[in-house]
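Before reading on, please look over the sequence and the model shown here. The paragraphs that follow lead through them, from the chain as a whole to single residues.

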Amino acid sequence: MPILARYPTHAQAIDAARALIDEGVLAAVSNAMLNRGEWLPGMNVGRPPGEFHVTVIEPTQLDLARAIIRQLAEVQPVAGAPSDNWPDPHDLDLTKLPPQNLPPCPNCGTTLPPDAALTACPSCAEPVDVVELIVTQHGPEALEPCYAAGHPSATSTGVTEPTWPTDETLASLPLTCPACRAPLIDLAPEGACPACANPYNKRAMIDRLLAAE
Ligand SMILES: [Zn+2]
Ligand SMILES: [Zn+2]
């Protein structure tokens with residue numbers, strides 16, 4: 001499967017894959033860490049851990065998929081962030097963090113509140129950057145639960161909400177029967193495969209594609 005784009009977090013990769021699926025492009029999310037075995041020797045050198053790839057299942061949709069990803073990059077530019085794909089870390093909802101990951105104030109040792117916009121320690125008034133402290137102590141992946149906030153994604157809830165994708169979108173996607181690979185395009189969101197009579201569920205298929213497992 002051709003790799004279309006790379007993202008530092010699962011939530012961002014899911015956002016991109018969902019945008020593609022909304023346009024009728026069958027996309028999947030994969031975790032580069034888990035897929036490392038597929039790479040040629042030496043290929044993994046220099047790749048950051050926890051990188052998520054968005055791939056296109058149907059090679060004939062690759063050009064359309066590239067155009068959609070280009071558009072996404074144009075409407076969501078993030079200036080000054082650690083990487084092109086990262087949202088502003090000071091908008092993060094740090095209440096999603098495990099409390100033990102909240103950093104102490106480097107000056108007075110008081111545990112800082114889960115407030116990404118905090119600029120000074122509430123105890124000693126020294127300037128602090130809670131997000132930077134978390135990244136320094138636990139690595140950027142510690143912030144992943146915060147990026148997932150508000151995303152009805154596989155990471156945050158285990159399932160996507162039942163109304164997404166719409167039935168219309170599901171019908172347009174080039175999904176194939178999990179048992180016999182017969183095309184299921186234009187068929188109902190769930191039912192029996194017309195070729196082999198095995199049951200299929202298109203929303204469950206999409207959930208699996210986005211799960212990066
Ligand atoms: Zn302090
Ligand atoms: Zn079938």
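A residue is called buried if 20 or more other C-beta atoms lie within 10 Å of its own, exposed if 12 or fewer do, and partly exposed in between, with the C-beta atoms placed from the backbone. This is a predicted model, in which local features need pLDDT of at least 70 and side-chain atom pairs count only at pLDDT 80 or more, whereas totals for chains, interfaces and linings use all residues. Residues are numbered from 1 along each chain as its sequence is written, and chains are lettered from A, with ligands numbered from 1, in the order in which they are written.

The chain as a whole comes first. Helices and strands are taken as DSSP runs numbered from the N terminus, a helix being a run of H or I with at least four residues and a strand a run of E with at least two. On this basis the chain holds seven helices and five strands, and from the N terminus on its elements follow the order β-α-β-β-α-α-α-α-α-β-β-α. Of the 213 residues in the chain, 30% are buried. Two residues are in contact if their C-beta atoms, placed from the backbone, lie within 7 Å; among the contacts in the chain with a separation of 6 or more, 54% come from residues 24 or more positions apart.

The next subject is a pair of helices. Two packed helices are described by the angle between their axes and the distance between the axes. Here, axes are lines fitted to C-alpha atoms, for helices over the stretch in contact, and angles run from 0 to 180 degrees between N-to-C directions. Helix α1 (residues 10–22) packs with helix α2 (residues 62–75) at an angle of about 125°, their axes being 10 Å apart. That makes α1 oblique to α2, given that angles under 35 degrees count as roughly parallel, over 145 as roughly antiparallel, 65 to 115 as roughly perpendicular and the rest as oblique. The residues that meet are A16, A19 and L20 from α1 and A65, I68, I69 and L72 from α2. This contact of α1 with α2 divides into seven nonpolar residues, no polar ones and no charged ones, where Ala, Val, Leu, Ile, Met, Phe, Trp, Tyr, Cys and Pro count as nonpolar, Asp, Glu, Lys and Arg as charged, and the others, Gly among them, as polar.

D22, which has its place in α1, counts as partly exposed because it has 15 C-beta neighbours inside 10 Å. Leaving aside residues up to four places away in sequence, D22 touches P165 and T169, and its C-alpha atom is separated by 9.5 Å from that of S172, although the two residues are 150 apart along the chain. V29 lies in strand β2 (residues 27–31) and counts as buried because it has 26 C-beta neighbours inside 10 Å. With residues up to four places away in sequence again not counted, V29 touches H10, A13, I14, A17, F52, V54, L209, L210 and A212. The C-alpha atoms of V29 and T55, 26 residues apart along the chain, are separated by 6.2 Å.

Two further helices show how burial is arranged around an axis. In helix α3 (residues 130–138), the residues V130, V131 and I134 are buried. Seen down the axis of α3, these buried residues fall within an arc of 100°, so they line one face of the helix; the arc is that of the directions from the helix axis to the C-beta atoms. Just after α3, G139 takes a positive phi of about 85°. In helix α7 (residues 202–210), the buried residues are K202, M205, I206, L209 and L210. They cover an arc of only 130° around the axis, which puts them on the same side of α7. A212, which follows α7, has a positive phi near 60°.
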